[in-house]
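Please walk me through this protein model, from the overall fold down to single residues.

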Amino acid sequence: MGSVPVGRKKRADTTGGPQTFRSPTAVVIWWVWLLFVAANLIDLAVQGRDHLSLVAAAILVLATGVAYVTAQRPRIVADSSGITVVNPLRDHHVGWAGVTKVDLADLLRVHLRGEPGQDREKIIYAWAVHYSRHRKLAAETRVRRQAARASSGRPSLGTFGLGSGSGSGRRDPGFVSPPVASSSAEAEAERILRVLSDYATAARAEEIWAGGTVEIAGARSEPEVEPAELEPAELEPAGLETAGDAAADFRIAGWLEPLSSTWDRTALLALLIPALILLVAALF
């Protein structure tokens with residue numbers, strides 16, 4: 001029995017299948033907008049009978065297409081083979097072996113290995129995960145100021161200008177205020193970053209393990225044994241091991257997939273058709 005690589009075992013323990021990450025706020029905005037548009041279209045159908053109502057309806061449909069590609073579509077799908085970044089108009093898929101790291105800027109960024117002969121890496125920005133570095137920096141600055149004020153022993157003023165504690169109102173110099181928690185959106189972005197980083201780390205560990213296994217298998221030389229000389233009990237483990245190797249090869253082929261980027265036809269049509277309808281309604 002061969003040992004399972006650390007990366008593969010970690011990935012099997014932490015994930016049970018494809019994971020989808022998207023902004024809950026964007027989903028809420030999408031459904032609220034659908035209700036708003038439906039109510040307005042019904043009102044225009046009942047009361048509006050002129051050309052202006054037709055133009056207004058076309059504008060609402062176009063705005064719905066924009067809301068679809070910007071709020072409903074963006075997501076990140078990760079599984080044991082690779083990561084798919086669904087942006088407003090394009091889909092990007094790459095195996096984990098091609099991912100060097102994942103980090104957060106204003107958006108979540110997936111760093112990819114450069115093409116052969118090119119040192120510059122490629123970066124994919126994921127619209128589904130937003131991150132405010134300004135709010136994070138402000139929170140950290142606030143925590144440092146509170147810690148510095150507590151360590152200096154300056155009194156903390158209460159509601160009426162009095163010390164917050166009894167007596168002289170001075171804090172214990174060893175007291176440090178608890179850290180200010182990040183917003184829910186930032187905390188969720190950091191959680192997604194950790195999960196995706198675990199995927200990438202596990203893939204790199206599996207790649208190293210697979211490379212070492214190939215080298216060992218190539219260096220080993222054993223005498224060939226005719227199938228007739230093997231007992232039935234010895235044939236079953238070999239068959240199971242072959243099936244396991246085939247499954248492992250299939251997984252490895254998945255995370256070795258190169259980057260593929262495609263335009264989404266549904267997203268393009270969701271913008272082009274309402275735009276044409278608005279153009280026709282405005283001209284005639």
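Among contacts in the protein chain between residues at least 6 apart in sequence, 66% join residues at least 24 apart; a contact here means heavy atoms within 4.5 Å. The model is a predicted one, in which local features need pLDDT of at least 70 and side-chain atom pairs count only at pLDDT 80 or more, while totals for chains, interfaces and linings use all residues. Residues are numbered from 1 along each chain as its sequence is written, and side-chain values use heavy atoms, with hydrogens and water left out.

The protein chain has seven helices and eight strands. Helices (H or I, at least four residues) and strands (E, at least two) are DSSP runs, numbered from the N terminus. Of the 284 residues in the protein chain, 29% are buried. Buried means under 20% relative accessible area, exposed means over 50%, and partly exposed lies in between, using a 1.4 Å probe and protein chains only. The accessible surface of the protein chain is about 18,500 Å², and carbon and sulfur atoms account for 62% of that surface. Such areas come from the Shrake-Rupley method with a 1.4 Å probe; for residues, only the protein chains shown count as cover.

The interior comes next. In soluble globular proteins, nonpolar side chains tend to be buried together. A nonpolar core is a set of buried Ala, Val, Leu, Ile, Met, Phe, Trp, Tyr and Cys residues joined through side-chain atoms within 4.5 Å. The largest nonpolar core has 28 residues, and those touching the most other members are I76, I83, W96, V99, L108 and L196. Two or more residues of this core come from each of β2 (75-78), β3, β5 (99-104), β6 (107-112), β7 (122-130) and α5 (184-219). Helix α5 gives the most to this core, with eight residues. Leaving out residues up to four places away in sequence, W96 touches A78, D79, S80, S81, G82, I83, L196, Y199, A200, A203 and W255.

The loop between β3 (82-86) and β4 (90-95) holds P88, and N87 is in the loop between β3 and β4 too. P88 counts as buried because its relative accessible area is 9%. Not counting residues up to four places away in sequence, P88 touches V69, R73, P74, W127 and A267. P88 and A67 are 21 residues apart in sequence, and their C-alpha atoms are 9.6 Å apart in space. N87 has a relative accessible area of 8%, so N87 is buried. The contacts of N87, leaving aside neighbours within four places in sequence, are R73, H92, Y125, A126 and W127. The side chain of N87 also reaches the backbone nitrogen of W127 at 3.0 Å. This is a polar contact, that is, a pair of N or O atoms within 3.5 Å; within protein, one must be able to donate a hydrogen and the other to accept it, and residues adjacent in sequence count only if both atoms are side-chain atoms.

Another polar contact involves Q72, whose side chain pairs with the side chain of W30 at 3.5 Å. Q72 lies in helix α3 (residues 51-72), and with 18% relative accessibility Q72 counts as buried. Beyond residues up to four places away in sequence, Q72 touches R22, W30 and A67.

A105 sits in the loop between β5 and β6 and is buried at 8% relative accessibility. Its C-alpha atom is separated by 6.4 Å from that of Y131, 26 residues apart along the chain. In helix α7 (residues 265-283) lies T266, which is partly exposed with a relative accessible area of 47%. T266 and L89 are 177 residues apart in sequence, yet 8.7 Å apart in space, C-alpha to C-alpha.

Aromatic rings remain. The whole structure contains three aromatic pairs. Rings of Phe, Tyr and Trp (its six-membered ring) pair if their centres lie within 6.5 Å; planes under 30 degrees apart count as stacked, over 60 as edge-to-face and the rest as tilted. W33 and F36 form a tilted pair, 5.3 Å centre to centre with 35 degrees between the planes. Both residues lie in helix α2 (residues 24-47), three residues apart, about one turn of the helix. W33 is partly exposed at 24% relative accessibility, and F36 is partly exposed at 42%. Elsewhere, R90 lies over the face of W263, at 4.8 Å from the ring centre. A charge sits over a ring if NZ of Lys or CZ of Arg is within 6 Å of the ring centre and within 35 degrees of the ring normal.
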